[in-house]
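Biologist: I am new to this structure. Please show me how to read it.

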Amino acid sequence: KTRVFSGIQPTGNLHLGNYLGAIVNWVAMQDTHECLFCVVDMHAITMRHDPKQLAAQTRELTAALLASGIDPQRAILFHQSAVPMHAQLTWILSCVARVGWLDRMTQYKDKKGKDREGASVGLYTYPILMAADILGYRAQAVPVGEDQKQHLELARDIAIRFNQDFGGGEDFFPLPEPLIQGPATRVMSLRDGTAKMSKSDPSDMSRIAMTDDADAIMRKVKKAKTDADALPSEPAGLAGRPEAKNLVNIYAALAGKTDADVLKEFGGQGFGVFKPALGELAAETLAPVTARFRELKADKGALDRILREGAARADAIAAPILEETKRAVGFLRG
Ligand code: ATP
Ligand code: MG
């Protein structure tokens, strides 16, 4: 089986983009791939965070993943800081990656905004930690949303350079393939059709959270930014209308249909008709997940046990690879 690694940050506000762009794919891969799914708490501290909340958010995200159908019997589910490889390999790979490569990363530019003094060094080196996450398990494929494509290319560049410099030109680290697939690979903000839906967007109205109830979902969808025109009857008519396109995409992803199908049904209708239909569909889809989430969240002991067992299994894969890596760069091993 192909080994896959994928991560998600416990930064709160888990949203429909994470669900449709990542989690739904993870659930579907559990039988066909050897899966490592990681709550990446080390990535979560690259932005200002509240230490009193991080552990709770780590458990919450774990509960949300379980509620969505991740099965710790079939996949390895764990949190990043519990496996020492991630930090250790990051250092070694930091000395392989080049400053110029990191300078080109758009996520860093977007997240730091204009505040270079306020951005952490960790935010800048984030993609190297991500490369360690993947290469440290010799994962062959990485299911991600569109936004992570550039980081994955960097991970491949780091693997190539490491293989050349220290791997004797062999595939010491296999080159990880991005798996950008599933119902929606880039869900956009409800407030701005040109920005992706994000946990870190300060506006709660920009996203449908996985824990929103039916009323909240309906309110957000009805308030979502749109133009005043009716929906076109074919996808070509969505060109230049990013907000309309996004809502149609979301509907299609939730319904398991194509944009064309959705427009066949709603073409000619205004948002006064389409938005309530979308809100209802989103609420219907998330309701069972939310209900399971609330139950699972209450049992901290069970969540901690699942994460602990997952971390032990992950470490059993990572530790020997890290050992080999240390030898490859020439560290004295007793
Ligand atoms: P943050 O704003 O804190 O970076 P995020 O919403 O980008 O949060 P991440 O934890 O960084 O979430 O990413 C988890 C997974 O969800 C990744 O695979 C990422 O590609 C995917 N993802 C994130 N946002 C979207 C989106 N809007 N559409 C589709 N996939 C997404
Ligand atoms: Mg992100």
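Modeller: Start with α1, which is mostly covered: 11 of its 14 residues are buried. Buried means that 20 or more other C-beta atoms lie within 10 Å of the residue's own; exposed means 12 or fewer, partly exposed is in between, and C-beta atoms are placed from the backbone. Helices (H or I, at least four residues) and strands (E, at least two) are DSSP runs, numbered from the N terminus. This is a predicted model: local features need pLDDT of at least 70, and side-chain atom pairs count only at pLDDT 80 or more, while totals for chains, interfaces and linings use all residues. Residues are numbered from 1 along each chain as its sequence is written, and chains are lettered from A and ligands numbered from 1 in the order in which they are written.

Biologist: What do the buried residues of α1 pack against?

Modeller: Contact means C-beta atoms, placed from the backbone, within 7 Å. The partners of α1 are β1 (3–8), β2, α3, β4 (141–143), α10 (242–255) and α12 (271–298). Among the buried residues of α1 are Tyr19, Ala22 and Trp26.

Biologist: Where does α1 bend?

Modeller: A bend is the angle between axes fitted to the seven residues ending at a residue and the seven starting there. α1 bends by about 35° at alanine 22. α13 bends by about 30° at aspartate 315.

Biologist: Why does the end-to-end distance of α13 agree with its 30 residues?

Modeller: The expected span is 1.5 Å times one less than the number of residues. Helix α13 (residues 300–329) should therefore span 44 Å, and its end C-alpha atoms are 41 Å apart, which agrees. Just after α13, glycine 330 takes a positive phi of about 100°.

Biologist: Which domains does the protein chain have?

Modeller: Domain bounds come from an automatic or database domain assignment. Here the assignment gives domain 1 (3–185 + 300–329) and domain 2 (211–295). Their centres, taken over C-alpha atoms, are separated by 30 Å. Eight residues from domain 1 and seven residues from domain 2 make the contact. On the domain 1 side, α3 gives the most, with four residues.

Biologist: How many residues are in the largest nonpolar core?

Modeller: A nonpolar core is a set of buried Ala, Val, Leu, Ile, Met, Phe, Trp, Tyr and Cys residues joined through C-beta atoms within 7 Å. The largest has 88 residues, and Leu36 and Ala131 have the most contacts inside it. Helix α7 (residues 121–135) gives the most to this core, with eight residues. Both domain 1 and domain 2 supply at least three residues each.

How values were computed
Two residues are in contact if their C-beta atoms, placed from the backbone, lie within 7 Å.
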